[in-house]
Structures are given as C-alpha cells and as structure tokens.
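Hello,

Here is the structure I promised to pass on to you. Please open it first and keep it in view while you read the notes below.

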Amino acid sequence: QLFFHASLPLNGKKALVSAGPTHEAIDPVRFIGNHSSGKMGYAIASALQSLGASVTLVSGPTQLPTPPNVDRYDVTSAQEMLTACSTYFETSDIIVMSAAVADYTPIEIASQKIKKKDTHLEIALKKTTDILATLGAKKTAKQTLIGFALETENELPYAQDKLKRKNLDYIVLNSMQDKGAGFAGDTNKVTIIDRKGEIQQFELKSKKEVAEDIATLIVAHQATINS
Ligand code: CTP
Ligand code: CA
C-alpha cells in the first residue's frame, strides 16, 4: 500500500482547484449567479487526487458530493473565493481555476428585501477582482497555473489573450459551439493552449476524461519543472 502510494506521479505535490459558480448577494433573499454546475472542477480535483496530489477544492455553491480524500473549502461570493484561493496559492504546486466567477457584484447589498415598486429596477454593479490574474501575477517558476476560458466568438484569439494576460501555463477553452459541451452536462469538448501557443484539440468526452487529459498535462509540466 505505502509503496504503491509513493509511486504516484503527483505524490508530495499540493494542488488548489476552484470550481462552481459564485453567488453575489443583492439583498437578504436574492443573488446574481450563473449556470456552472462545478462538475468540471470537481472532476479535476478528483483526477489530481488519484494521481497522488493533496488537493484543496475551493468550491462555490454546488449540488455535488466532495470527491474522496479531497479537502473542500466552501465559499459563496467572488470576494470569498479570492480570499480562500490567495490563502492556499503560495503553498500549491498546481493551481487550476475552473470556477465561473462573477465578473460584477452589487456595489451595495440591500439590508432588507428590495420591495417591488416601479416597472424597472436598476442594480448598480462593480467589477470583481480577477482571481486568476491576481494569482498569475504572483506565480513562481515551480508552479503550474491553469485557467479556463468560456467564449462564444473569436474563441482562440480571446483564449490566447487570457493565457498571456493572466500569465498561465495552459488555458482550457470550453467550446460552446458544440452540443454536449459546457456548464451543466456530463461531457465537454475542450481545446488546450500552452504558453508557446501550441494548440491541442480534444474530442467530445466525459468531464472525467477531460479532467484526466488535463491531469496528464499537469504531470508532464511538473516533471519538466523538477528535472
Ligand atoms: N476568473 C477569475 N476571477 C474572475 C473572473 C474569472 O479567476 N473574477 C477566471 C476563471 O476561473 C477562468 C478564467 O478567469 O479560469 C477565465 O474566465 P472567463 O469568464 O472566461 O474570462 P474573463 O477574464 O472573466 O473575461 P470575459 O468574461 O470578459 O470573457
Ligand atoms: Ca468572466
């Protein structure tokens, strides 16, 4: 048992994975959210754990069970997710940010339920901090940092721009063009771009298989760092 465990490729490595949506409170009973299920991030946490890594999963609100032997830290808002990810970042060798973080959050949370009045309601929003870009700015040479990109047009140029801007080793582009890919389902179709601009297109697969493909890249990247 011990011998087997010591032979896993990510043994002794620490991983941080973010997953799921964030919920941004409007008033005590309402929030702004999105349709992320968290399935992709949970599958990545599970794949990295299976390869021997100690995994911390920073999770927004989801309906999913915690993968076996993964440390889960629950958060609600983008701000809470930033704080949690910043805490675990420095000691992590592998960082995968797959959460669907809100880009904007209400400037103020109404202290009481907002009452129905006029025909229109405006809620003023402010930009959230980009967690991935914040971590990218602090990344060291021994860390593997991976982000996701969700695009509906100009997919490759937009994803490449995010990879550069956020200082990532890889970006996983979710293709929304394909049926069977995306937020809620159990399958995904991804394209992965690395720092050199090399592009790998993958077939439509289960999220578990996509997670294994991503984990394989991570193992290879960590191996080049440590050689
Ligand atoms: N992300 C993040 N913090 C945010 C927004 C996004 O860490 N406040 C991360 C996501 O977890 C993902 C990556 O940034 O790994 C890309 O998210 P995406 O929404 O595709 O890109 P944005 O940079 O937010 O740009 P836009 O929504 O305008 O395309
Ligand atoms: Ca966004």
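First, some ground rules. The model is predicted, so local features are given at pLDDT of at least 70 and side-chain atom pairs count only at pLDDT 80 or more, while totals for chains, interfaces and linings use all residues. Residues are numbered from 1 along each chain as its sequence is written, and chains are lettered from A and ligands numbered from 1 in the order in which they are written.

**The core**

The largest nonpolar core holds 52 residues. By nonpolar core I mean a set of buried Ala, Val, Leu, Ile, Met, Phe, Trp, Tyr and Cys residues joined through C-beta atoms within 7 Å. Buried means that 20 or more other C-beta atoms lie within 10 Å of a residue's own; exposed means 12 or fewer, and partly exposed is in between, with C-beta atoms placed from the backbone. Val17, Ile44, Leu48, Met81 and Ile171 have the most contacts inside this core. Helix H2 (residues 39-50) gives the most to it, with seven residues. In soluble globular proteins, nonpolar side chains tend to be buried together.

**Helix H2**

Helices (H or I, at least four residues) and strands (E, at least two) are DSSP runs, numbered from the N terminus. H2 has twelve residues and reaches 16 Å from its first C-alpha to its last, close to the 16 Å expected at 1.5 Å a residue; the expected span is 1.5 Å times one less than the number of residues. Eleven of the twelve residues of H2 are buried, among them Lys39, Tyr42 and Gln49. The buried residues of H2 pack against strands E1, E4, E6 (94-97) and E11 (187-188) and helix H6 (207-226). After H2 comes Gly52, with a positive phi near 105°.

Leaving aside neighbours within four places in sequence, Gly41 is in contact with Val17, Ser18, Ala19, Gly20, Ser98 and Ala99, where contact means C-beta atoms, placed from the backbone, within 7 Å.

Ala78, Met81, Leu82, Cys85 and Tyr88 are the buried residues of H3. They cover an arc of only 140° around the axis, so they sit on the same side of H3; the arc is that of the directions from the helix axis to the C-beta atoms. Their cover includes strands E1 (14-19), E2 (24-27), E4 (54-59) and E7 (104-106), along with helix H4 (131-138). Met81, again leaving aside neighbours within four places in sequence, is in contact with residues including Val58, Val75, Val101 and Ile131.

H4 has Ile131, Leu132, Leu135 and Gly136 buried. Their arc is only 130° around the axis, which puts them on the same side of H4. Ala137 and Lys138, on the other side of H4, are exposed. The buried residues of H4 pack against H3, E6 and E9.

**Around ligand 1**

There are 14 residues around ligand 1, and Val101, Ile131, Leu132, Gly147 and Phe148 come nearest. Near here means a C-beta atom, placed from the backbone, within 6 Å. H4 and strand E9 (144-151) each supply at least two residues of this shell, and E9 gives the largest share, four residues.

**Annotated positions**

The unreviewed UniProt entry carries a "binding site" annotation on Asp103, Lys113, Phe148, Lys162 and Lys166. Such positions are given in the numbering used here, with feature names shortened, and annotations may be inferred rather than shown by experiment. These residues are spread over 64 residues of sequence and up to 37.5 Å in space between C-alpha atoms.

Two of the annotated residues deserve a look. Lys162 is found in helix H5 (residues 155-165) and is buried, with 21 other C-beta atoms within 10 Å. Lys162 is in contact with Gly147, Ala149 and Ile171, leaving aside neighbours within four places in sequence. Lys166 lies in the loop between H5 and strand E10 (170-175). Lys166 touches Leu132, Ala133, Gly136 and Gly147, not counting residues up to four places away in sequence.

Enjoy exploring!

Technical notes: Contact = placed C-beta atoms within 7 Å.
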